[in-house]
Amino acid sequence: IEDGVVATDPFLDISGDVSTDNERGLLSIAFAPDFAESDVLYADYTDRSGTTVVARLLAPGGQGPVSLEDAIVRLVVEQPYSNHNSGQLAFGPDGHLYVGLGDGGGGGDPEDNGQDPASLLGKLLRVDAALETDAASESVGGHSVDSFAVPEDNPFVGEEGVRPEIWALGMRNPWRFSFDRATGDLWVGDVGQNAWEEIDFQPASSAGGENYGWNRLEGTHVFQEPVDIEKPVAPVFEYGHDLGQSVTGGFVYRGERVPELAGTYVFGDYVSGTIWGLRPTEDGWEDFVLAETGLSISSFGEDEEGELYVVDFGGAIYAIE
């Protein structure tokens, strides 16, 4: 989009290469921190068979069109169901790439992926996108995969039976997450099951390894007995399905258009269209409704100046002013 006008030629169009069944499709892109020099970006999508793929792409000269012809597949995760595939990609302040994966769907996490340390599903992953691995390419799900390198300081590196890519676990569908550009804190909107939506928080000082409780807990509430989790991390905010039914995580506001929102985490709900603000107080957290939009809020966006945007599933992008 240039000067408010959608360009005739898209920057990236992989419509013929993805499955759009249910909650699938092109789910996220993330530009490498050195994109201005490297022209590298990453895409998270579900291929025609419904398998999650994270691929390294090139935008020559920083311009489109970008295609999959020269893509390097870096991660492939087979999905048992067509929902809860998640799909957010984001580079953290540490320069590493974070990948959100839902529990694979099916309702109630029937395969217990959220708590299975040998599965990447129901997790937040942390990988080193800058490093190439010494391992030879392998074939996974019909793709030739050059796997991501794993940072040596990931919390489960070296633990038997635990995938080293895992940064946090116990998530149902971390559809959208973001890093506060001022503090480095991590905010996650994790979509609930039948009753509770939650916002999870991880301070920038965290060494990873947090367990957010799913599928033993839905928010702060018992979902399945026994709750056999040591020190589950409770959400900093949750709301019932009387207020909304599918949380869409947002960003901490660091722009200038709305100074009253400085330092406020702004997020919404896909079903109700409500937009909330959440910020810390001396006694905990303060939440407040910012707008009742009537939109189907599928995502938020942040520009280089820290201004925020709302994506409506109906096909429009709105600026928050």
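A pocket is an open set of grid points with protein on both sides within 12 Å along at least five of seven lines, and its lining residues have an atom within 4 Å of a point. In sorting such linings by class, Ala, Val, Leu, Ile, Met, Phe, Trp, Tyr, Cys and Pro count as nonpolar, Asp, Glu, Lys and Arg as charged, and the others, Gly among them, as polar. The views below show a predicted model.

**Figure 1. The second largest pocket and its lining.** The volume of the second largest pocket is about 300 Å³. Its lining comprises 21 residues, and L75, L120, S147, R163 and E165 are the closest to the centre of the pocket. Two elements, strand 4 (72-77) and strand 8 (138-140), each give two or more residues to this lining. Strand 4 provides the largest share, with 4 residues. By class, the lining consists of 13 nonpolar, 3 polar and 5 charged residues.

Figure 2. Strand 1 (residues 26-31) runs antiparallel to strand 2 and is joined to it by 5 bridges. Within this pairing, A30 has Y42 as its bridge partner. Strand 2 also pairs with strand 3 (residues 52-58), again in the antiparallel sense, over 7 bridges. Here L41 has L57 of strand 3 as its bridge partner. A hairpin is formed by strand 2 and strand 3, with 5 residues between them. In the turn of this hairpin, G50 has a positive phi of about 90°.

**Figure 3. An open sheet of four strands, 5-6-7-10.** Strands of a sheet pair through backbone hydrogen bonds, either parallel or antiparallel. In this open sheet, 4 strands follow the order 5-6-7-10 with antiparallel pairing. Strand 5 (89-91) and strand 10 (166-169) stand at the edges with a single partner strand each, so one side of each has no neighbour in the sheet. On average, neighbouring strands are turned by 20° against each other, direction ignored. Strand 5 is joined by 3 bridges to strand 6 (residues 97-101), and the two run antiparallel. L89 stands opposite V99 of strand 6.

**Figure 4. An open sheet of four strands, 17-18-19-20.** This open sheet holds 4 strands in the order 17-18-19-20, and the pairing is antiparallel. The edges are taken by strand 17 (247-252) and strand 20 (284-292); each has a single partner strand, so one side of each is left without a neighbour in the sheet. From one strand to the next, the twist averages 25°. Strand 18 (residues 265-269) pairs in the antiparallel sense with strand 19 (residues 274-281) over 4 bridges. Y265 has L278 of strand 19 as its bridge partner.

**Figure 5. The hairpin of strand 21 and strand 22.** Strand 21 (residues 297-302) and strand 22 (residues 308-312) run antiparallel and are joined by 5 bridges. F300 stands opposite V310 of strand 22. The hairpin that the two strands form has 5 residues between them, and G306 in its turn has a positive phi of about 85°.

Figure 6. Rolling a probe the size of a water molecule over the atoms shows where empty space is left. In this structure there is 1 cavity of 30 Å³ or more. The volume of the largest cavity is about 60 Å³. Its lining is made up of G170, R172, D190, V191, G192, E198, Y212, G213, W214, L217, E218 and G219. Sorted by class, the lining has 4 nonpolar, 4 polar and 4 charged residues.

**Figure 7. The surroundings of G192.** G192, one of the residues that line the largest cavity, lies in the loop between strand 12 (186-190) and strand 13 (196-202). Buried means under 20% relative accessible area. At 7% relative accessibility, G192 therefore counts as buried. Apart from its neighbours within four places in sequence, G192 is in contact with R172, E197 and E218. Between G192 and G104 there are 88 residues in sequence and 14 Å in space, taken from C-alpha to C-alpha.

Notes
Residues are numbered from 1 along each chain as its sequence is written. This is a predicted model: local features need pLDDT of at least 70, side-chain atom pairs count only at pLDDT 80 or more; totals for chains, interfaces and linings use all residues. Side-chain values use heavy atoms; hydrogens and water are left out. Two strands pair if DSSP finds at least two bridges between them. Axes are lines fitted to C-alpha atoms, for helices over the stretch in contact, and angles run from 0 to 180 degrees between N-to-C directions. Buried means under 20% relative accessible area, exposed over 50%, partly exposed in between (1.4 Å probe, protein chains only). Contact means heavy atoms within 4.5 Å. On a 1 Å grid over the protein atoms alone, a cavity is a set of points where a 1.4 Å probe fits but cannot get out, and a pocket is an open set with protein on both sides within 12 Å along at least five of seven lines; lining residues have an atom within 4 Å of a point. Grid points are joined across faces, edges and corners, and a volume is the space filled by probe spheres set on the points.
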